[in-house]
Amino acid sequence: MKLRSIPGTDLQVSALGLGTVALGRNWGLKYPRRQPLPSDSEVESLLDAAQDWGINLLDTAPAYGTSEERLGVYLKGRRRHWIICTKVGEESSPDGSQFDFRPSVIEKSIDRSLLRLGVDELDIVLIHSDGQDLEHLPALAVLRDLQRVGKVRATGFSAKTVQGGLRAVEQCDVVMVTYHPGFPGQEAVLDAATGKTGILLKKSLDSGKFTTRDQIRASLKFGYAHAATTSVVVGTTRREHLAEVVEAAEIGSRASPAHG
């Protein structure tokens, strides 16, 4: 799988990224069915397969339950291959999510993520917005400070609104947005980002609702058709499902106007 550069950084990420929420959390998700958490051996098998298929981007967050800790166990002795994207601002429990974007809380979250993941620096850190994007954009200044001292390599924003996404494109290295055939409304953000800001696509399989091979292929083809798309992040716990997604990504990304 080809690697794609994030503009303005030295980071190169695979055209397909692996989302890891379901490795550490099985409550409060929008998936059609609640699934048990995978075993340690299943996590290792999934991540080994991802590496074998050329995936190097892992997307996690403190709000993803024990995802960071489980990745930290796996990453021991394997760090060099992977680009790690995590987030700040949201914590989650079976009772719901709590959001806090104060600088001191963000700094503590970064230090905790470094410890959980067992790494010296975080490749990409995104503000995990609750939907009030414009209110939380100032928190990017904290990430930039941490970038200057070497704890963060690239700063970003996981946006939920077009306005927030457009503002984020002007202020950070990476923006994450929802974009798939059933939800094309963030296209203006991708248009604005083309050539200057990395774009990670989330929920490309509509939180597990796109299940057939044709649906998966159509959705990834749609995502890669936009020149701004850097990587499509898809979550799964099953190796056979990941194989289907990898096949669709290889077909769709080859037709990408930006990456050929």
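## From a loop to a strand

Author: Let's begin with K203, which counts as partly exposed because its relative accessibility is 40%. On this scale, buried means under 20% relative accessible area, exposed means over 50%, and partly exposed lies in between, using a 1.4 Å probe and protein chains only. Before we go on, please keep in mind that this is a predicted model, in which local features need pLDDT of at least 70 and side-chain atom pairs count only at pLDDT 80 or more, while totals for chains, interfaces and linings use all residues. Residues are numbered from 1 along each chain as its sequence is written, and side-chain values use heavy atoms, leaving out hydrogens and water.

K203 sits in the loop between β11 (198-202) and α9 (213-224). These element names follow DSSP runs numbered from the N terminus: helices are H or I with at least four residues, and strands are E with at least two. K203 has a phi near 55°, a positive value in a residue other than glycine. In the loop between β11 and α9 you will also find D206, again with phi near 55° and again not a glycine. D206 counts as partly exposed, since its relative accessibility is 24%.

Now turn to strand β8, residues 122-128. Seven of its seven residues are buried, so β8 is largely enclosed by the rest of the structure. What pairs with it? Strand β5 (residues 83-88) runs parallel to β8 and is joined to it by four bridges; strands are said to pair if DSSP finds at least two bridges between them.

D59 lies in strand β4 (residues 57-59) and counts as buried because its relative accessible area is 5%. Its side chain makes a polar contact with the side chain of K87 at 2.8 Å. A polar contact is a pair of N or O atoms within 3.5 Å; within protein, one must be able to donate a hydrogen and the other to accept it, and residues adjacent in sequence count only if both atoms are side-chain atoms.

Finally, look at charged pairs: the structure holds 17 salt bridges, each being a side-chain nitrogen of Lys or Arg within 4 Å of a carboxyl oxygen of Asp or Glu. Among them, E91 pairs with R112, with the closest N and O atoms 2.5 Å apart. E91 is in strand β6 (residues 90-93) and R112 in helix α4 (residues 103-117), so this pair ties together parts 21 residues apart in sequence. Because R153 lies in strand β9 and D123 in strand β8, the pair ties together parts that are 30 residues apart in sequence. R153 is partly exposed at 27% relative accessible area, whereas D123 is buried at 1%. Another salt bridge joins E247 and R217, whose closest N and O atoms are 3.2 Å apart. That pair links distant parts of the chain, E247 in helix α10 (residues 239-254) and R217 in helix α9, 30 residues apart. Salt bridges that share partners also join D10, R79, D123 and R153 into one network.
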